[in-house]
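Thanks for coming, everyone. I'll keep this short. Have a look at the model first, then I'll walk you through it.

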Amino acid sequence: MVWQWLHRWGSPRWFYEKTGPWVAWLGLIALVLLVWGLVWSLGYAPIEHKQGQSYRIIFIHVPAAFMGQGVYLLMAFCGAVGLIWRVKVCFMMTKAAAPYGAALTFLALVTGAIWGKPTWGTWWEWDARITFMLILLFLYIGIIALQAALPSRDTADKACALLALIGSVNIPLIKNSVEWWYTLHQPATIKIIGKSAMHESMLYPLLLMIFAFWILTAFALLLTTRVEILRREFRTRWVQDLLAAEREEGKS
Amino acid sequence: MTPPHLELRNLSCTRDERCLFAGLNARWEAGDLVQLLGPNGCGKSSLMRILSGVSREFEGEILWRGRKLQEQTWEFAQDLLYIGHQPGIKKSLTPLENLRWYASLSGSASDSQLIEALAQLGMAAYRDIPCGQLSAGQLRRVALARLYLSRAPLWILDEPFTAIDKPGVARLEARIEQQIQSGGLVLITSHQDLSLAGVKTLRLEDFRPGAGGLL
Amino acid sequence: MSQASTPGLMRGFAASFRRDLLIGLRHKGELINPLMFFIIAVSLIPLGVGPESQLLARLAPGVLWVMALLACLLSLDGLFRSDYEDGTLEQMLIQPQPLYLMVLSKVLVHWLLTGLPLTLLAPLLGLMLALPAQAYGTLCLSLFLGTATMSLIGAMGAALTVSLRRGGLLLSLIVMPLYIPVLIFGASAVSYALDTNPQSVPLAILGALLALSLALSPVATAAALRMSTNA
């Protein structure tokens, strides 16, 4: 049963045709949630007494960091499925996800730095979270660079899937070692998010923003994967028919 | 043990959205000499790499002695001698050291047997000279010395006569003939004409889908 | 005229090990390169930060570790390249012996010819950086474990990039994030030794990382080699 399901969804054409109506809906929902979340968190959430207005950047920083890690794990998962069951769509999704995940991680780094300035007085601080985000960015860049460097597309797909898997196995190791390293050199410092200190009036907008980013990620990944499908299957009959139909519509 | 025979069922290979060949069906028995024909770039080397197990990028089935390749990698590896486009000889080592490595992997052979194999190709005198100092033809002859050491029934040879002179080609053809007579199976590609009798051919272009066609 | 016996795993591993060692020793000039890099790079540090021995001693664990890491990285590019170029890699894929063993033999030889000499050279460089006496033992032990792990991890990157003409830089980019846990625990082991704290925790973790790499990395490396050969 799972086998059939996998094979059906793994066919690029099926995937493209079935996800067509979803894209518009996802985009709309993402937009609504983002606007709602931003307004709530930036406008209405209470001021944190220690850090003032500037702390609001965490409403972008935390979701971006979350999704940055999440997208990497998704890439690794897709890579594994693609390698084991030879599903093409998985490789296309991995290729599409890498730049998007890198952008999210970069956003997390930048917002982390912006948050750091009024809080610690410096534009960059080597604390555990930010250091880990930087390393994650390097992992992403490695995958993007490998994808670009290998000339044969099949080999590039598989090599990047393997690299994403290797990276994902390393992520818990890296995360724990960075945290250990941080406590080694700076035993008692401010944490970015004191989990217990989060008041619920701050927690809810944060959760909303996380959810909004999640839907946004789904939307972006679906969109870029569909473009990748069109690009790769350009010479097949169904894509040619599709393009011809669009051209007809454009004329009339 | 079932006699050696190779069967291909509905074999196809697609690389980078380009279909090299599809619907390839064939069956070859012990004592067959098969030559793959076709212009450059039509997938001959790809097919050889698939049949020898180097590449696993194919759809369809390959059966050796009636069993799928995936189910018998250990046995198939012992039954196979593959010499590809590149000789597979390390330039930092001497011919003898190179052959020693191959011999240890597939069983064992004494040094005298290795030297005898080199002698068959006229390379015995060079056995202790680092291969980096040998010419391309000499390197290939060292690689082909494996033909005289192997007990494998299946030989897959990709352009084996490259850079070999006429008398050398004649000697090698005699060795291949010997292998055929003793019940082996040889697949070969060659730009030169083979002067052996009973060569079965496979034209790879016959299995190519229409040029530039829509899949 | 032909062989008598059937192939064996141990004999195959021993033959590959002997062959790789022989090849490595035939290129003695190349063996010196990572060591020279190590020496010169470490010598640059006092020239960059000043000769004050207290400062150098504080920096020494990290500097020695980072430079050893870079020296390892530099020597990795050629791990599979010559085999890829002369067709030997293809042959390794179809031998009866599993590719795992051949990869292991290659990495072992690489470590013996690169990582181990770096480890043995490190105390000399520690002297140049005014490293206090109590840290030398831990320095060697941590580098012993760490360079072996780095050879294993680096082999994966080397296998992924072997089909690229100038894969060296990309190799470094891919492998460096994966080296970070090893670096952190290795350098902190030596720092602990400086303050005469017990170093058992970071050393034990280094050992665990080595064990994990020993189990998993040759598998990934073999898979990557197969992909690269069919590029």
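Start with helix H4 of chain B, residues 111-120. Its buried residues are B:Leu114, B:Ala117 and B:Leu118. This is a predicted model, by the way, so keep that in mind throughout.

Where do the buried residues of H4(B) fall when you look down its axis? They fall within an arc of 100 degrees, so they line one face of the helix. And what does that face meet? The buried residues of H4(B) pack against H3 of chain B. Now go past the end of the helix. B:Gly122 follows H4(B), and its phi is positive, near 75 degrees.

Next, the chain contacts. Take B and C. Chain B puts in 34 residues, and chain C puts in 27 residues. Which elements of chain B supply at least two residues each to that side? They are helix H2 (73-79), strand E6 (80-83) and helix H3 (95-106). H3(B) gives the most, with six residues. By class, the side of chain B that touches chain C has 14 nonpolar, 15 polar and five charged residues.

Now A and B. Here eight residues of chain A are in contact with five residues of chain B. On the chain A side, two elements give two or more residues: helix H6 (153-185) and helix H8 (237-251). How many residues of each class are on that side? Three are polar, five are charged, and none is nonpolar.

Last stop: backbone angles. Most residues other than glycine have a negative phi. Two residues in chain B are worth a look here.

One is B:Glu159. It is not a glycine, yet its phi is positive, about 50 degrees. B:Glu159 is found in the loop between strand E7 (154-158) and helix H6 (166-181) of chain B. Why does B:Glu159 count as partly exposed? It has 18 C-beta neighbours inside 10 Å, and buried would take 20 or more.

The other is B:Ala163. Again, not a glycine, and again a positive phi, about 65 degrees. B:Ala163 also lies in the loop between E7 and H6 of chain B. It is partly exposed, with 14 other C-beta atoms within 10 Å. Exposed would take 12 or fewer.

That's my tour. Over to you.

Terms used: Residues numbered from 1 in each chain as written. Chains lettered and ligands numbered in written order. Predicted model: local features only at pLDDT ≥ 70, side-chain atom pairs only at ≥ 80, totals over all residues. Contact = placed C-beta atoms within 7 Å. Helix = DSSP H or I, 4+ residues; strand = E, 2+ residues; numbered from the N terminus. Nonpolar A, V, L, I, M, F, W, Y, C, P; charged D, E, K, R; others polar. Arc of directions from axis to C-beta.
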